[in-house]
Amino acid sequence: KNKNEYIPDYRDYEFEDDTDYKKVIEDYTKLINDSKSLDEIKKTLQDGKDAIDKLIEEDLTAYKDAAKTEIATYAASLDLTTDVTDLLKGYYDDIDDATTKKAIDEIVKKAKEELDKIKAGEIAAAKEEAKKEIEEQNKEDETKLPDIVDIKDKGKDAVDKAETIEDITNR
């Protein structure tokens with residue numbers, strides 16, 4: 001048989017930096033081509049595949065660590081008041097269980113979407129609370145001072161236009 005038939009095709013794998021990978025392929029290709037027997041070829045091929053598997057595992061582990069950091073950084077940037085520790089742990093576990101970069105990317109996307117929903121919910125709740133506070137302020141004076149109702153309406157409009165909780169509290 002042609003010895004090249006035993007050489008794995010590295011194009012099936014996606015590395016951020018495939019320098020080490022290509023070196024393993026080159027080294028084991030040379031060893032296979034220099035082999036004197038089929039048994040020697042098979043052993044060299046298995047050793048090469050093991051070396052490739054190790055590189056893939058290391059690359060995927062680094063990708064997983066980067067994904068977890070990305071989610072944590074994103075959650076921190078949202079300045080959430082909701083405790084999302086358990087939520088993040090669930091996504092970290094999903095990342096640990098993932099076997100491809102594509103699956104990890106999907107988990108990161110889903111995590112960010114869920115964090116965005118939590119933030120949107122916090123903002124909506126803060127707006128409702130602020131509007132209630134505005135409504136309750138000077139309620140007894142509304143009949144004496146009709147302008148208070150107009151001022152309150154303007155305050156509620158300002159709350160509706162706010163995009164962050166800080167904007168709401170600084171109305």
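Visitor: Where does leucine 78 sit?
Guide: This is a predicted model. Leucine 78 lies in the loop between helix 2 and helix 3.

Visitor: Buried or exposed?
Guide: Leucine 78 is buried, because its relative accessible area is 14% and the cut-off for buried is under 20%.

Visitor: What is leucine 78 in contact with?
Guide: Leaving aside neighbours within four places in sequence, leucine 78 is in contact with Leu115, Asp116 and Lys119. Leucine 115 is 37 residues away along the chain, and the two C-alpha atoms are separated by 8.1 Å.

Visitor: And leucine 80, where is that found?
Guide: Leucine 80 is found in the loop between helix 2 and helix 3. It is buried, at a relative accessible area of 16%.

Visitor: Which residues is leucine 80 in contact with?
Guide: Ala75, Leu115, Ile118, Lys119 and Glu122, if neighbours within four places are left aside.

Visitor: What about aspartate 79, buried or exposed?
Guide: Aspartate 79 counts as exposed, at 60% relative accessibility. Its place is in the loop between helix 2 and helix 3.

Visitor: What is its phi?
Guide: Aspartate 79 has a positive phi of about 55°, although it is not a glycine. Most residues other than glycine have a negative phi.

Visitor: Zoom out. How many helices and strands in the chain?
Guide: Six helices and zero strands. From the N terminus on, the order reads α-α-α-α-α-α.

Visitor: How much of the chain is buried?
Guide: Of the 171 residues, 30% count as buried. The chain exposes about 11800 Å². Carbon and sulfur atoms supply 49% of that area.

Visitor: And the contacts, how many join residues at least 24 apart?
Guide: 66%, among contacts between residues at least 6 apart in sequence.

Visitor: Now helix packing. How do helix 1 and helix 2 cross?
Guide: Helix 1 covers residues 19-34 and helix 2 covers residues 38-77. Their axes come within 9 Å and cross at roughly 175°. That angle is over 145°, so helix 1 is roughly antiparallel to helix 2.

Visitor: Which residues meet there?
Guide: Helix 1 brings Asp20, Tyr21, Val24, Ile25, Tyr28, Leu31 and Ile32. Helix 2 brings Ile41, Thr44, Leu45, Asp47, Gly48, Ala51, Ile52 and Leu55. By class, the contact divides into eleven nonpolar, two polar and two charged residues.

Visitor: What about aspartate 18, where is that?
Guide: Aspartate 18 is found in the segment before helix 1. It is partly exposed, with a relative accessible area of 25%.

Visitor: How do the axes of helix 3 and helix 4 cross?
Guide: At roughly 170°, coming within 9 Å. Helix 3 and helix 4 are therefore roughly antiparallel to each other.

Visitor: Which residues make that contact?
Guide: From helix 3, Leu87, Leu88, Tyr91, Asp94 and Ile95. From helix 4, Ile104, Ile107, Val108, Lys110, Ala111, Glu114, Leu115 and Ile118. The contact of helix 3 with helix 4 divides into ten nonpolar, no polar and three charged residues.

Visitor: On to cores. How many residues has the largest nonpolar core?
Guide: It has 16 residues. Those with the most contacts inside it are Ile71, Leu88, Ile95, Ile104, Val108 and Leu115.

Visitor: Which elements give two or more residues to this core?
Guide: Helix 2, helix 3 (85-97) and helix 4 (101-136). Helix 4 gives the largest share, five residues.

Visitor: What does valine 108 touch?
Guide: Ala67, Glu70, Ile71 and Ile95, not counting residues up to four places away in sequence.

Visitor: What lies apart from that core?
Guide: Another core, of seven residues. Among them are Ala126, Val159, Ala162 and Ile168.

Notes: Residues are numbered from 1 along each chain as its sequence is written. This is a predicted model: local features need pLDDT of at least 70, side-chain atom pairs count only at pLDDT 80 or more; totals for chains, interfaces and linings use all residues. Side-chain values use heavy atoms; hydrogens and water are left out. Axes are lines fitted to C-alpha atoms, for helices over the stretch in contact, and angles run from 0 to 180 degrees between N-to-C directions. Helices (H or I, at least four residues) and strands (E, at least two) are DSSP runs, numbered from the N terminus. Angles under 35 degrees count as roughly parallel, over 145 as roughly antiparallel, 65 to 115 as roughly perpendicular and the rest as oblique. Contact means heavy atoms within 4.5 Å. Ala, Val, Leu, Ile, Met, Phe, Trp, Tyr, Cys and Pro count as nonpolar, Asp, Glu, Lys and Arg as charged, and the others, Gly among them, as polar. A nonpolar core is a set of buried Ala, Val, Leu, Ile, Met, Phe, Trp, Tyr and Cys residues joined through side-chain atoms within 4.5 Å. Buried means under 20% relative accessible area, exposed over 50%, partly exposed in between (1.4 Å probe, protein chains only). Accessible areas come from the Shrake-Rupley method with a 1.4 Å probe; for residues, only the protein chains shown count as cover.
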